[in-house]
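This report concerns salt bridges and a surface patch in a protein model. The sequence and structure are shown first.

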Amino acid sequence: MQELPVAARAFVSSVLVAAGAVLVLCLVRFSSTYLGTLLPLVGMVILANVAWPQHPHVRVNISLAMPIALASVLLLGPFGAPFVGAANAVAPSDFAWYARLYNAAMGAICAFLSGLAYVAVGGALLGNDGTFTVQHMLWPALVASAVYEVVNTVLIVAVIALTNRVSPLAVWFGALAELALPAFMYSTFGLILAVIWSYVGAISAVLVLAPLTVARWVFAAFELRQEAYEATMRSLIKSVETKDLYTRGHSERVSRASVLIGRRSGMREDRISSLRYAGMLHDVGKLGVPTSVLQKAGKLTEDEFEAIQQHTVRGREITKDLEFLGEAIEGIHLHHERIDGRGYPLGLKGTEIPEFARIIAVADAFDSMTTTRSYRGARSVEDAVVELRACKGSQFDPVMVESLVEAIDSEGWDVSDTIDSDTVLPLENVPSFASDDDDPTVAERLGLPSAAPDDASELDSDTVAHGLEEGS
Amino acid sequence: MSQERDLRPVGPLLVAAALAVVTAVAVTVSQGVPQVWVALAFGLFIAMGEVLRITLPGGRQAAPLAAAGSLAFALLPIYPDVEGRPSIALAVTVVTVGSVVGAFPSALVGRGMHLDELARRIITTLIAAAIFEPVLPHVAADPRLPDWKLALAMMVAAAVAAVADAVLAAGLRSSMSHSPLRTAVSDEVHALLGIASAITATGVLSALAVPKMGLIALPVFAVPLLLTQFSFRRYATIDATYLQTIRSLSKVTEVGGYTEIGHSRRVARLAVMIGREMGVNESNLTDLEYAALMHDIGQLSLTEPIPGGATTMVAPVDQRRIAELGAEVIRQAGVLDHAALIVERQADPYRPHRGQLDTALPVESRIIKVVNAYDDLVGASLESDRKLRAIERLQLGIDREYDPVVVDTLSRIIDRQADYAY
């Protein structure tokens, strides 16, 4: 307990003392006629904690002990239920001894206060005889479960906030807010368990806990599946990147930068999630470009250059059946469009280009510039920002550029997973334009047949040809 | 998973269910319906449950709330306010009418009614009610004051009905998709164990509570099951997305010109059909499907595509190299190890040394090897001549390269498809 901050230690100690007082009071007031109900309930809490321990991979858990404690409130009242809540102390967890004691104390206090509330609003103990009317216990039961929820939440939030020295509101919004409604729904189990228990005794536990266990099991399976899904997606995307050493981690970073821009623009969370996938998959069409072309050293022919440009169209072909991607599909398709209409594949202008595509274009160029490529070293974030701003309105949507700059200013940017710089050409050879090396401007500057001859002579053409082969 | 559904076996089941319904309706009409409101409430509950259907893992359809409501009505020990309880005939009638009414909306939008499922529900209700009816007087002197014996009797009746339902479902599945009955039963038990225990528990709980609490118990006791249903729905969504993603990403080899258009999907479809007929269980069938979809992913590491994408045309050493590269990519995911193993061994011969079987070679790999070779020969062609010649060619390789059982099964499936075509 020494590792806790002083305030947290004081708080935990006082909660433990309070719970101790409650239990002593209960020992005095509890009528032993209810022992036949109390003991099986205590046993069930222990069984629930032992047989279904917290799954380490699952973020949100449906606790089986909670509905049992609630049922005990209705069955035993304020002077019996705290014993059931205190049974939470028995759990084969990796928690420290004081954490387990705190859980037990929390259980006892929640049960006690909820029991007092139940009796105060006129709830009668259901006991063992089944002589009650549902109309008379429904409302008190709802009050009891609400009190239980609130006390439970307050005690959890307080201890987390004091231990980690963060604001209680942050704790609540961070982890518990989304649990409030499901937790209230689970309290229905407590009500049902109490009612059925009063008819048929402990066999009701089997009946009530069966659907709950199944729900919990499916829930865990879902979370595992979701993780499996994301891992698979990531590894398949990595297989795009194995074709070209220099783009390692590119998709993940573009995804991250796109999300930064999206959040700055106040995008809804479901669109953000779609944008994340769009960033991850934006170059998936490169899987369709022959490795020989992608890895070719030296100048590309017109056909080969076209093959690289095809990756946007192929990306769309590959992803078009993925319903959950939604807007992301057009983002992948059109991420090489330019605001001035000189991009590909369609040559769209300004707001004709979907929002996702405009975002990915900026994120993509930013990551290309700040990471090491075969023909040049990485540029600093500051240099990249200057370049992005220089191309506002011609190549990029100004709003998206500024959103990215703001986001990086306030949250920083971590360029990880780049290649050692000693294997690449010196920085003098950095081309002086922002981009994205399969950008049409490169073709123009090279004087490739598909575009008008321009100021290609300014550049070391061999260097830029490497850029072409490498892509974004 | 795609499959050719042979609908003939459903016939006898439908006839049995129809007979039961006709008899039940006739008896109900002649006896009249006591407590019309209770019957209506249960019927409505079943209908609503039917509307809220879910898809279970493995593509099974289910309407857990409707099933639980049916069970509750069949097991209702006594009406809320008066003496007496629903007769077996009334239970069958209410369950049928409720289910049909509930299936109406989805039938209207053209999704069709699940007749086989309806038949199963009718027969299950009949079984549960028929077991419970004679036992009731012995376990509850006064059904208004239930005790553990009554609860236990209900649970046993419900459990027997649930097992019967799983066996019926397995029998149908097995004969419709030509899979061995044993595999079908174990698959079905595996898939239904969770949801069936939740349905059983909810049905029994409601039947116990309604006499005391009144009809309000139905919606209250539906909440936990609704929660379970919600979990299943989310699981099914992510499951479908997973398969969708792998299907889409498997197209990359086609888009890049490494393989023929549609190759991986055709291989996956045929491989799953063969696997099912050979008794591969459901979870391995899923891995087989994933592996088949991604079996050419190793080709991405090739600098030049193989002409026509036909891996059977390159040297065995290269085939194996492609298989290993693909397995490496899949293994990186960390969750598809079995699929990776299948891909890794897909190029290995059935009998590497004369007469010596490679016992460690997964049956799924042997299936992919055969189907891959078959599809390289036939492609998207529908000519049955070409198909037969391809099979003949594969049969020449059964001494060493191909598993004869797989080739036989493939040939049976092709024959059957030819039958359907004419």
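In chain B of this predicted model, Arg247(B) and Glu289(B) form a salt bridge (a side-chain nitrogen of Lys or Arg within 4 Å of a carboxyl oxygen of Asp or Glu), with closest N and O atoms 3.1 Å apart. The pair links distant parts of the chain, 42 residues apart: Arg247(B) belongs to helix 8 (residues 217-249) and Glu289(B) to helix 11 (residues 282-293) of chain B. Helices are DSSP runs of H or I with at least four residues, numbered from the N terminus.

Local features need pLDDT of at least 70 and side-chain atom pairs 80 or more, whereas totals for chains, interfaces and linings use all residues. Side-chain values use heavy atoms, without hydrogens and water, and residues are numbered from 1 along each chain, with chains lettered from A in the order written.

Burial is classed by relative accessible area: buried is under 20%, exposed over 50%, and partly exposed in between (1.4 Å probe, protein chains only).

| Residue | Relative accessible area | Class |
|---|---|---|
| Arg247(B) | 26% | partly exposed |
| Glu289(B) | 5% | buried |
| Arg266(B) | 21% | partly exposed |
| Asp375(B) | 6% | buried |

Arg266(B) forms a salt bridge with Asp375(B), the closest N and O atoms being 2.7 Å apart. This pair links helix 10 (residues 263-277) to helix 14 (residues 363-378) of chain B, 109 residues apart. A network of salt bridges links Glu50(B), Arg53(B), Glu117(B) and Arg121(B). Over all chains, the structure holds 34 salt bridges.

Notes
Helices (H or I, at least four residues) and strands (E, at least two) are DSSP runs, numbered from the N terminus.
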